[in-house]
Amino acid sequence: MTLHALLFDVDGTLADTERDGHRPAFNQAFADAGLDWHWDVALYGKLLAVTGGKERIKHYIDQFRPDYKKPANFDELVAELHRAKTRHFATLAAHGGIPMRPGVKRLLIEARAAGLRLAIATTTTLENVTVLLEHSLGSGSQDWFEVIAAGDIVPAKKPASDIYHLALEKMGLEPAVCLAFEDSENGLRASLGAGLKTLVTVNDYTLDHDFTGAAVVLSDLGEPDAPNRLLAGPDLGQPFVDMAYLRTLHQR
Ligand code: XBP
Ligand code: MG
């Protein structure tokens, strides 16, 4: 079976967005609203169990702030906080504050040159994706992706597979001719549920996640002069991911 397309998660996979991107953006939105909510690095790691920013705020209140009396318009308040959070994230990303992870730009350029089709499947808000790509990957780079499936456009966020099903449907592709890229257990459950062979690159928040079912688990995609580490799966004898590596992985 020939490899035709690559589907990428964004947060944690294309860029390390969570600790120094989404987290401070949430905290800024809370502070702007005069709330004494503050998510430190460790607490945020726990909150990442729930995908989606609005869902994460509600989870925080339910699990960590039993003292908080929800107002009648709580859903509206959460939506407003989340809009403010999105503005803060966009400002951060627009200042180039969130670089792509090692090997990401190189691999995307190689994949395009090889004629592969590219897509994004993420739970994050579309605006976060476009601003991140524009400022960290390069001007016009959102056009590299034939489909950007993001945020609230599906009924259920990861670990549900909805967003991957949607991306595949929009591309008119079977999962067997694609590879997915993820960084988290929720993301991997989503991609595997859609029948996609999945390459995982971990980050500080996801190091100890359960990646059972992944085609391979790597520290990062690596560069020819900055080798990655193999954490689980086959040793394909090359310490960085390129098109040859992906074709071999896909055939296995
Ligand atoms: C990403 C998420 C998102 C981001 C925040 O998960 O869970 O909620 O943390 O984005 P994945 P929003 O990488 O598995 O897609 O605040 O825009 O939801
Ligand atoms: Mg992710």
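Is tyrosine 68 buried, partly exposed or exposed, and what is its relative accessible area? Hold that for a moment. One caution before anything else: this is a predicted model.

Now the answer. Tyrosine 68 has a relative accessible area of 21%. Buried would need a value under 20%, so tyrosine 68 counts as partly exposed.

The structure holds 13 aromatic pairs. Take phenylalanine 30 and tryptophan 39. Their centres are 5.0 Å apart, with 70° between the planes, and the pair is edge-to-face. Phenylalanine 30 is buried, and tryptophan 39 is buried as well.

Back to tryptophan 37 and tyrosine 68. Here the ring centres are 5.2 Å apart and the planes stand at 85°. Planes over 60 degrees apart count as edge-to-face, so this pair gets that label. The pair also links distant parts of the chain, with the two residues 31 apart. Tryptophan 37 sits in the loop between helix H1, 18–32, and helix H2, 41–47. Tyrosine 68 sits in the loop between helix H3, 53–64, and helix H4, 74–94.

Both of these pairs belong to a wider group. One aromatic cluster takes in Phe26, Phe30, Trp37, Trp39, Tyr44, Tyr60, Phe64, Tyr68, Phe74 and Tyr205. Lysine 85 lies over the face of phenylalanine 26, 4.6 Å from the ring centre.

Next, the helices. How do H1 and H3 pack? Their axes are 12 Å apart, at an angle of about 65°. The crossing is right-handed. On the H1 side, the contact uses Glu18, Phe26 and Phe30. On the H3 side, Gly53, Arg56 and Ile57 meet them. By type, the contact residues are three nonpolar, one polar and two charged.

Valine 78 is in helix H4. Leaving out neighbours within four places in sequence, valine 78 is in contact with Lys54, Ile57 and Lys58. Buried or exposed? Valine 78 has 1% relative accessibility, so it counts as buried. For scale, take valine 10, 68 residues away along the chain: the C-alpha atoms of valine 78 and valine 10 are 23 Å apart.

For contrast, look at H2. Lysine 46 is in that helix. Its relative accessible area is 53%. The cut-off for exposed is over 50%, so lysine 46 is exposed. Lysine 46 and tyrosine 60 are 14 residues apart along the chain, and their C-alpha atoms are separated by 9.5 Å.

Two stops further along the chain. Where is the cis peptide bond? It joins lysine 158 and proline 159, with omega about 15°. Most peptide bonds are trans. Proline 159 lies in the loop between strand E3, 147–150, and helix H7, 162–171.

Last stop: histidine 250, in helix H9, residues 243–251. Histidine 250 counts as buried, at 6% relative accessibility. What does it touch, not counting residues up to four places away in sequence? Met1, Thr2 and Leu3 are among the contacts, along with Ala176, Val177, Cys178, Leu179 and Lys197. Proline 239 is eleven residues from histidine 250 in sequence, and the C-alpha to C-alpha distance is 17 Å.

That's the tour. Questions, please.

Terms used: Residues numbered from 1 in each chain as written. Chains lettered and ligands numbered in written order. Predicted model: local features only at pLDDT ≥ 70, side-chain atom pairs only at ≥ 80, totals over all residues. Heavy atoms only, no water. Phe/Tyr/Trp six-rings, centres within 6.5 Å; stacked < 30°, edge-to-face > 60°. Buried < 20%, exposed > 50% of the residue type's maximum accessible area, 1.4 Å probe, protein only. Helix = DSSP H or I, 4+ residues; strand = E, 2+ residues; numbered from the N terminus. Lys NZ or Arg CZ within 6 Å of the ring centre and 35° of its normal. Axes fitted to C-alpha atoms, helices over the stretch in contact; angles between N-to-C directions. Left-handed = near helix turned anticlockwise from the far one by under 90°. Contact = heavy atoms within 4.5 Å. Nonpolar A, V, L, I, M, F, W, Y, C, P; charged D, E, K, R; others polar.
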